[in-house]
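Here is a short briefing for a first look. Keep the sequence and the 3D view open as you read.

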Amino acid sequence: MSRKSDPSDRGISRRGFLQTGAAIAAWETVRPVPEPQLSPPSASASPFAPGGAPTRLSEHLWVYGDTCNVYAVTDGNKALLIDFGSGRMLEMTREMGLAGIDWILHTHHHRDQAQGDQKAVKARVPIAVPAHERHLFEDAENFWRNRRINHLYNVRNDFFTLTRNVPVASSLADYETFRWGPYEFFVLPTPGHTIGSITLIARIDGKTTAFSGDLIYGPGKVQTLHDLQYTYAGMEGVDFSVYSLTRLLEREPELLCPSHGAPLLDPASGIEELIRKLSDWYDYWRGPTMITRNQPITVSPHLVAHHLPTASFYAVISESGKALLLDYGSASNTSFLIFKDWPDIHGRMRFLEHSIDTLRSSYGVKSIDVVMPSHVHDDHINGFPHLVKHYGAKVWCFENMRDILEKPNGRNIGCLLPEPIRVDRTFRHRESFKWEEFDFNVVHSPGHTEFQMAMFATIDGARVAFTGDAFFNTPARPDDGLRHNLIYRNDVYSDSHMQSLRNILEFQPNIVAPGHGTPFLLNRTDVARFEKRLEQQKAHFERLLADPDVDFGLDPSWVHIYPYQMLLRPGQSGAAEVRIRNHRRKPMQLEISLVLPEGWRSEPQIRRISVDSKSLGTAPFLLTIPGDWPVKLKRVALAADVVADGKYLGQIAEAVVDLGSAGV
Ligand SMILES: [Zn+2]
Ligand SMILES: [Zn+2]
Ligand SMILES: [Zn+2]
């Protein structure tokens with residue numbers, strides 16, 4: 001959906017327009033040359049400083065050519081700065097007759113934007129940064145401790161990160177608005193130059209003004225291409241830049257303020273020119289489909305398949321124009337792959353809105369009523385918080401997913417989205433329900449993960465099965481029939497896949513709508529071949545695993561601590577339980593003790609429990625951190641020491657405690 005500027009906004013004042021145009025021309029000709037000037041050195045300050053002086057673009061907008069362009073928006077005698085460069089503006093604002101700087105907002109984390117931030121911290125000016133790059137400001141030193149340099153394949157230019165931590169006062173979250181005085185800065189996610197880059201869009205002196213960081217340098221130009229490469233020989237940033245420029249264009253900016261290069265009046269043609277040139281460059285490298293070219297497939301009048309985002313998602317559309325979405329994740333495979341293998345512990349998969357505009361314009365969708373996950377994996381649900389927050393969608397799911405979605409810190413299993421998602425309704429195994437004119441059935445579908453369902457509906461006369469990642473129509477060899485996968489960390493047991501297949505076949509679907517790829521017709525030959533393959537899988541388990549109760553060798557979490565990630569401070573207590581899945585064909589007796597950091601207390605010290613065959617047992621504990629416990633590291637690990645049926649197994653389960661803020 002494109003959000004046009006609010007028609008109730010003030011019109012462009014002619015005076016403001018002329019002033020801006022003339023100022024830009026003047027600024028270009030007498031562009032401050034940042035000749036190094038020597039200023040008194042101090043321990044942390046640079047001996048260099050840029051020359052020149054700020055130029056007034058319009059009544060409330062100034063620009064200063066520092067190591068990047070620093071923009072000042074004013075309200076009375078106060079200013080808000082967009083990016084900060086070397087920090088020279090601290091002195092300049094005094095010369096501009098301003099009483100002080102209220103905020104610094106950053107478009108991205110590069111040093112040329114933010115190298116003077118320590119001066120702002122000293123002057124007590126609060127700093128707000130893109131949410132997806134917050135850790136590259138406040139935890140920059142940790143980034144440097146952990147960034148791999150040898151065997152360099154992650155070639156992304158996060159090497160342009162600050163050298164010291166900068167305290168951050170606020171995050172600029174995607175699609176949210178930062179309000180200051182009479183101004184509202186809309187945070188448009190514009191990845192490209194960096195993955196977490198944002199463009200801030202506000203009405204200033206009657207004009208829709210976009211502060212776009214290094215997304216665009218000037219008409220049809222970028223300052224660097226190297227920043228647009230994240231993975232080895234990748235072109236991800238080019239794809240993202242085209243997406244970001246397209247979204248920016250829809251907002252109809254009247255003045256574009258880049259971090260390098262001159263401000264652009266009437267920037268549409270310059271943005272279009274860059275979209276064309278970057279698309280040509282992307283096509284030259286013959287990459288996968290660009291995000292902006294993703295087009296859905298009409299399966300039947302009331303069912304639309306989007307197969308090009310990371311995970312396929314489906315829209316069931318009612319006569320009334322309501323949509324029920326089955327999954328809704330990242331915009332493209334590229335959006336996913338750049339995070340999948342990234343070593344950075346704080347990085348969060350970034351969601352970019354996609355496909356909703358097509359559902360509205362081409363399929364008559366008026367509202368996103370309900371969204372349901374096929375399973376709990378991040379690539380399938382990354383867009384749920386956005387649909388809830390900005391479209392009022394309700395979240396419905398299979399019953400065992402609720403805890404994972406609402407408390408993602410609880411478990412350490414594959415592919416969880418850290419953002420909690422509130423669930424409005426759950427369904428039991430074999431439950432049926434009606435939504436608009438359609439009838440649905442839900443069944444448990446374990447295997448790929450324990451937290452997966454299959455859902456069935458008759459849509460436009462076809463019996464459709466939404467099967468998530470249970471299996472795919474891309475067998476490695478034709479006689480495999482279908483393809484499945486096995487991820488031990490996802491709570492999978494020896495007969496999970498077969499159980500899932502049987503649950504699906506019971507409903508005799510003719511069209512399968514998988515979690516990746518396009519819908520396909522299910523035929524008996526393929527099913528028979530696939531069944532045989534699943535039987536072979538079970539035989540391998542039995543041949544390979546020492547314990548005749550093979551699930552002990554498949555399940556890394558048969559003993560686990562819940563929650564896996566706790567957030568506690570010194571002086572606080574927290575409840576944790578050790579959970580035991582007894583895969584044995586007889587009851588188990590366990591003795592459990594927690595191994596904690598020096599000085600922490602556990603109540604009780606030892607717990608003894610009996611767990612029935614094929615069931616789950618829980619051993620609750622209360623942890624206490626003494627109030628005077630010195631925090632040296634922001635995250636510590638603890639373990640559970642276990643004796644099972646008289647055999648000492650040792651510290652076979654663990655959990656982490658974040659002290660202070662989660663993750664950072
Ligand atoms: Zn930059
Ligand atoms: Zn998937
Ligand atoms: Zn999955």
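Two strands count as paired if DSSP finds at least two bridges between them. Strand 34 (residues 635–644) and strand 35 (residues 647–659) are joined by 10 bridges and run antiparallel. This is a predicted model. The points below cover a sheet and then the zinc sites.

- One bridge can be picked out by residue: Ala-639 has Glu-654 of strand 35 as its bridge partner.

**The zinc ion (ligand 1)**

- His-108 (NE2), His-110 (ND1), His-193 (NE2) and Asp-214 (OD) coordinate the zinc ion (ligand 1), at 2.1 to 2.7 Å.
- Along the chain, these donors follow the spacing H-x1-H-x82-H-x20-D.
- His-110 sits in the loop between strand 5 (100–105) and helix 3 (111–114). Asp-214 sits in the loop between strand 11 (207–213) and helix 7 (236–250). The pair therefore ties together parts that are 104 residues apart in sequence.
- The 4 donor atoms subtend angles of 84 to 171° around the zinc ion (ligand 1), which makes the arrangement irregular.
- His-110 and Asp-214 are both buried.

- The zinc ion (ligand 2) has Asp-379 (OD), His-380 (NE2), Asp-469 (OD) and His-516 (NE2) as its protein donors, 2.0 to 2.8 Å away.
- The spacing of these donors along the chain is D-H-x88-D-x46-H.
- Asp-379 lies in helix 11 (residues 378–381), while His-516 lies in the loop between strand 25 (511–514) and strand 26 (520–521). The pair therefore ties together parts that are 137 residues apart in sequence.
- Angles of 89 to 158° between the 4 donor atoms make the arrangement around the zinc ion (ligand 2) irregular.
- Asp-469 bridges the zinc ion (ligand 2) and the zinc ion (ligand 3), which lie 3.3 Å apart.
- Is Asp-379 buried or exposed? Its relative accessibility is 7%, so Asp-379 counts as buried. The cut-off for buried is under 20%.
- His-516 has 24% relative accessibility, so His-516 counts as partly exposed.

Note on methods: Residues numbered from 1 in each chain as written. Chains lettered and ligands numbered in written order. Predicted model: local features only at pLDDT ≥ 70, side-chain atom pairs only at ≥ 80, totals over all residues. Heavy atoms only, no water. Donors = N, O, S within 2.8 Å, 3.2 Å for Na, K, Ca; no water. Tetrahedral: all angles 85-135°; square planar, octahedral: opposite > 155°, others 65-115°. Helix = DSSP H or I, 4+ residues; strand = E, 2+ residues; numbered from the N terminus. Buried < 20%, exposed > 50% of the residue type's maximum accessible area, 1.4 Å probe, protein only.
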